[in-house]
Amino acid sequence: MKLDNQQQQVVESEDKNILVVAGAGSGKTRVLTERVRHLIRNGVEPSNIVCITFTNMASQEMKQRLSDIQTIGDAFIGTIHSFANTIYKTSGLTYRIFSTEIQLEIFRELLSRGIGRKPKYTNLSYQKYIKYVDLQTLYEEGKVSEEELNSFLLPSEQDDLKEATKEMWKLCKERNIITFNELLRKTKQYYDEIDGRLEYVLVDEFQDVGKLEAEFIFGLNADNLFLVGDDWQSIYGFKGGDVSIFKGLLDREDWKVHYLENNYRNGSEIIKFANVIINQVSSK
């Protein structure tokens, strides 16, 4: 399918700082990938292109759409934390990134009752803790109630969990195990120290970035920034996403704003009905 006029203008724009406000179904992922294709066709080395997404699924979709470009593997296409890790690895420092596996590994160390070993935490067993972690997952999926989760551990077990969690974080610090947020902070600090710069950085779903993520992205010192998002689709406020960062760029003179208003996902009747509902809500 050919690009429409709005999409074509975005893809071929020669502005350095570009903000694309893309409504649902308007082809924002296509515009971003076609922008990459356009840059490569016009002589930009793929190794000078960084595409940041916020899910592995989105990055895989982008890679698939660009798979016909032989040198696309030289470009970075992946999550913000994956890119931060790529940079920070060059620091030469030894570290591990905190994960569920590491969390379980440390709690096994703290809670297991080995032969001849006196347990530090006498109330909470590792087996009970594993069941609690599984229940947490079910709660996050909406399959069990908050009441059921909170009542699973006895008060004495909850006390042990609280103290063991504190000790886990102390051990993480001693063992150079860092969280994703720490990875972004440390990478930005290291990047500043080496005076790093990039040529092209493209970011998808920018409406969902938080303060730390935005500081990291702007701190990459990209000669050309291409940000795509839609403030109506901001859904990650509970995870620290701050849509005001996205909106704050709309009136900046140093940013060129493009709007994608054509919907290619839904039929005209659906869009017409949705607009009626939106207008009714907006008028209240």
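Is Glu-199 buried, exposed or partly exposed? The legends below take up this residue and then its surroundings in a predicted model, in which local features need pLDDT of at least 70, side-chain atom pairs count only at pLDDT 80 or more, and totals for chains, interfaces and linings use all residues. Residues are numbered from 1 along each chain as its sequence is written, and side-chain values use heavy atoms, with hydrogens and water left out.

**View 1. Glu-199 in strand β6.** Glu-199 is partly exposed, because its relative accessible area is 29% (buried means under 20%, exposed over 50%, and partly exposed in between, with a 1.4 Å probe and protein chains only). Not counting residues up to four places away in sequence, Glu-199 touches Asn-48, Ala-222, Asp-223 and Asn-224, where a contact means heavy atoms within 4.5 Å. Glu-199 and Ser-47 stand 152 residues apart in sequence, and their C-alpha atoms are 9.4 Å apart in space.

**View 2. The protein chain as a whole, with twelve helices and eight strands.** Helices (H or I, at least four residues) and strands (E, at least two) are DSSP runs, numbered from the N terminus. Of the 284 residues in the protein chain, 41% count as buried. Among contacts between residues at least 6 apart in sequence, 73% join residues that are at least 24 apart.

**View 3. The largest nonpolar core, with 34 residues.** A nonpolar core is a set of buried Ala, Val, Leu, Ile, Met, Phe, Trp, Tyr and Cys residues joined through side-chain atoms within 4.5 Å. The residues with the most contacts inside this core are Phe-83, Val-201, Phe-206, Phe-216 and Leu-220. Several elements each supply at least two of its residues, among them β1 (17–22), β2 (49–53), α9 (180–193) and β6 (198–203), while α4 gives the largest share, five residues. Apart from this core lies another, of 25 residues, which includes Ala-22, Val-31, Val-36 and Tyr-200. Leaving aside neighbours within four places in sequence, Leu-220 is in contact with residues including Ile-52, Phe-83, Ile-87, Tyr-191 and Leu-198.

**View 4. The packing of α4 and α9, at an angle of about 45°.** Two packed helices are described by the angle between their axes and the distance between the axes. The axes of α4 and α9 are 9 Å apart, each axis being a line fitted to C-alpha atoms, for helices over the stretch in contact, with angles running from 0 to 180 degrees between N-to-C directions. The two helices α4 and α9 are therefore oblique to each other, since angles under 35 degrees count as roughly parallel, over 145 as roughly antiparallel, 65 to 115 as roughly perpendicular and the rest as oblique. The contact involves, among others, Ile-80, His-81 and Ala-84 of α4 and Phe-180, Leu-183 and Leu-184 of α9.

**View 5. Helix α6 (residues 126–140) and its packing partners.** At 1.5 Å a residue, the 15 residues of α6 should span 21 Å, and this agrees with its end C-alpha atoms, which are 21 Å apart (the expected span is 1.5 Å times one less than the number of residues). Within α6, Tyr-126, Tyr-129, Tyr-132, Val-133 and Leu-135 are buried, and the buried residues of α6 pack against α5 (100–111), α7 (146–150) and α8 (155–174). After α6 comes Gly-142, whose phi is positive, near 75°.
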